[in-house]
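The following questions ask what the labels attached to a structure rest on. Each answer sets a value against its definition.

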Amino acid sequence: MNKRLVPYLFIAPYLALTVVFTIYPLLNAAVLAFYQTNGPASRTFVGIDNFRFLLGDPSFHRALTNTTVFTAASVVLVLPLAMGLAVLLHGRKGRARGFLRLLLFSPNLVGGIFVGILFAVLFTPRYGLMNRALHALFGWGLEERFLGNPALVMPAIVVTALWVSVGFNMIYFLAALQGVDKTLEEAARIDGANRLQVFRYVTLPSMRHVVGFVLVTTVISSFQLFELPLALLASTDGKGPDNSGLTLITYLYDVGFNTGDLGLGSAIGWIVAALIFGVSMIQLKLSGLAREQA
Amino acid sequence: MNPLRALVLAFGLGFVVLLFRTPKDPRPAVRYLATGVLVAAAAAVVSPFLWLVAAAFKDRSVLNEHVFFPPLGDWSSATLNLDNFRRLFQGDASLTGKVYFSQYVLNSLCVASLSTVLQVLLCSLAGYAFAKYSFAGKGLLLTFMLGTMMIPGVLLFAPVYDMVVRFGFVDSYAALILPGVVTPYGIFLFRQAILSVPNEMIDAGRIDGASEFSIYLKLVMPLVRPLTAAFCLVCFLGSWNAFFGPSVYLHAQQKLTLPVVLNMYLGVYGSDQGVFLAGTLLAIVPPALLFFALEKEFVSGLATGAVKG
């Protein structure tokens with residue numbers, strides 16, 4: 001066999017599958033967004049009507065608002081909690097650290113659908129673990145229908161997502177903390193900085209790349225929130241009462257695969273992609289990652 | 001005063017006492033507080049799991065009576081039994097006859113295992129080519145891969161579905177496995193790991209007359225075992241927990257995988273929660289087993305990697 005062909009043979013499966021399952025669909029997505037379809041069988045050209053429809057569609061607005069609220073809440077809650085736990089764990093030695101790290105990470109082994117199913121039951125009025133725990137701690141929430149009350153649906157989704165994502169991002173922060181130069185921290189201590197100052201001015205700046213990375217991945221995955229609300233809000237078709245739990249992707253799934261309009265689904269897909277792209281560009285700029293890597 | 005509030009209060013008191021015993025040095029109190037926060041976080045993570053286990057084994061009649069398990073004195077086959085599992089496995093009616101829950105477990109296992117094996121094989125092969133061969137167009141391909149990584153998966157939902165249906169792959173597991181089987185992410189991971197494999201070793205293999213493929217399989221792959229183990233876990237989890245693909249591509253009841261079935265049960269069984277909770281418990285056991293089986297592998301692998309060279 002010709003030796004020069006070997007590397008091409010090794011990457012041939014990748015190339016073939018990418019062309020079929022990424023490049024061709026990507027082009028097709030651009031075409032589909034301008035069609036109205038009824039399942040894959042029939043399609044009619046509608047120009048930019050899909051986008052025009054979405055602009056005035058209250059459900060889409062709701063989905064966009066909900067997703068933005070979820071993303072903001074995730075960033076504001078997940079990052080500090082994950083960082084806090086990572087710092088606390090970093091201060092521990094040996095077995096306790098390994099065990100707790102494993103334990104806090106463990107919800108990530110559970111798929112989004114299963115998490116949704118489990119928490120749908122945990123939020124049962126009167127008997128659910130969440131309702132009971134809230135009542136025991138704060139004297140509130142025992143009879144609350146968290147998944148039936150439009151005002152409480154988003155908080156319920158956020159809390160459920162936290163159960164998974166805090167432990168996930170903590171792993172990154174923990175790894176970053178272990179990579180921080182100890183001599184720098186010690187030098188700052190000797191110069192009279194207290195623990196908080198050392199963290200603020202030495203530790204945090206030296207792990208800014210990881211913080212930036214976690215920020216970007218948290219935003220991107222939050223924008224694509226899908227399986228968890230679908231199962232969590234199964235009693236209201238995955239949308240929540242008055243669409244209070246509708247996200248961009250559950251909306252895409254609903255119009256594209258329940259209603260069967262793949263064209264409108266593609267249009268939503270493009271908008272989500274543009275949002276993700278825009279947000280990651282802004283964040284790359286802000287964190288200075290782009291500049292430093294150039 | 002309920003037990004949970006009493007516990008929180010007692011913990012707070014302990015903190016105050018520690019602060020007052022050594023007013024000059026707050027470190028013991030801070031450490032105590034840190035331990036408390038870690039324990040609270042651990043409890044918050046564990047309690048849903050514990051609740052799930054309890055709910056799966058509790059009888060229908062006592063499901064809502066106790067927060068977790070009934071008190072030890074009340075343990076009997078009337079309060080704790082396998083009734084939920086029995087009903088879970090009694091089978092669903094479908095157009096083509098009864099379908100049993102064990103069928104869905106088997107489907108999920110098959111799809112996830114096959115998908116994992118293929119992903120590891122194809123990603124590592126390509127990663128090896130990018131790490132250890134020089135060939136025309138390599139730089140261009142690497143840039144292309146980086147570019148495709150920027151495409152969010154949601155954009156491809158509709159067009160891939162459109163294509164799969166046109167090609168007649170509905171109800172075939174190929175539609176679940178093939179679209180995500182070689183990812184730039186996987187290729188880059190293997191490329192990075194294989195870059196640190198010494199070139200002399202590969203050359204030695206060539207001099208000994210080994211074929212290019214057996215160099216990859218017998219020399220290179222054993223050296224990147226820790227990554228392979230971790231990547232296996234990621235692939236298995238992704239496939240085992242996948243919902244979108246199975247929910248749109250599979251129509252026949254006997255082909256369904258666990259996430260789709262359990263999401264359906266949530267509606268079918270409604271208030272009879274024990275049944276789908278038992279199913280959910282079973283659905284999270286295999287990934288957990290794999291995690292614990294592989295954990296040693298990538299930890300020990302990292303240790304051997306450290307003494308190498």
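Q: Where is the place of A:D237, and what makes this residue partly exposed?
A: A:D237 sits in the loop between α11 and α12 of chain A. It has 14 other C-beta atoms within 10 Å. A residue is buried if 20 or more other C-beta atoms lie within 10 Å of its own, exposed if 12 or fewer, and partly exposed in between, with C-beta atoms placed from the backbone. The count of 14 falls in between, so A:D237 is partly exposed. This is a predicted model, in which local features need pLDDT of at least 70, side-chain atom pairs count only at pLDDT 80 or more, and totals for chains, interfaces and linings use all residues. Residues are numbered from 1 along each chain as its sequence is written, and chains are lettered from A and ligands numbered from 1 in the order in which they are written.

Q: What makes α1(A) roughly perpendicular to α6(B)?
A: Helix α1(A), residues 6–32, packs with α6(B) at an angle of about 100°, and their axes are 8 Å apart. Axes are lines fitted to C-alpha atoms, for helices over the stretch in contact, and angles run from 0 to 180 degrees between N-to-C directions. Angles under 35 degrees count as roughly parallel, over 145 as roughly antiparallel, 65 to 115 as roughly perpendicular and the rest as oblique. The pair is therefore roughly perpendicular.

Q: Which residues meet between α1(A) and α6(B)?
A: A:F21, A:T22, A:P25, A:L26, A:N28, A:A29 and A:L32 in α1(A) meet residues of α6(B) that include B:L155, B:L156, B:A158 and B:M163. Ala, Val, Leu, Ile, Met, Phe, Trp, Tyr, Cys and Pro count as nonpolar, Asp, Glu, Lys and Arg as charged, and the others, Gly among them, as polar.

Q: Why does B:L156 count as buried, and with which residues is it in contact?
A: B:L156, found in helix α6 of chain B, counts as buried because it has 23 C-beta neighbours inside 10 Å. Leaving aside its neighbours within four places in sequence, B:L156 is in contact with A:T22, A:P25, A:L26 and A:A29. Two residues are in contact if their C-beta atoms, placed from the backbone, lie within 7 Å.

Q: How many residues of chain B are in contact with chain A, and which helix supplies the largest share?
A: 63 residues of chain B are in contact with 60 residues of chain A. The largest share of the side of chain B that touches chain A, 12 residues, comes from α6(B). The residues on this side comprise 50 nonpolar, nine polar and four charged.

Q: Where in chain B is confidence lowest?
A: Confidence is expressed as pLDDT, the predictor's score for each residue from 0 to 100. Chain B has a mean pLDDT of 89, and 96% of its residues reach 70 or more. Confidence is lowest in α14(B), at a mean of 79, and highest in α4(B), at 96. Over residues 301–309 of chain B the pLDDT is below 50. Where pLDDT is low, the predicted coordinates should not be read in detail. The model scores ipTM 0.91 and pTM 0.92.

Notes. Helix = DSSP H or I, 4+ residues; strand = E, 2+ residues; numbered from the N terminus.
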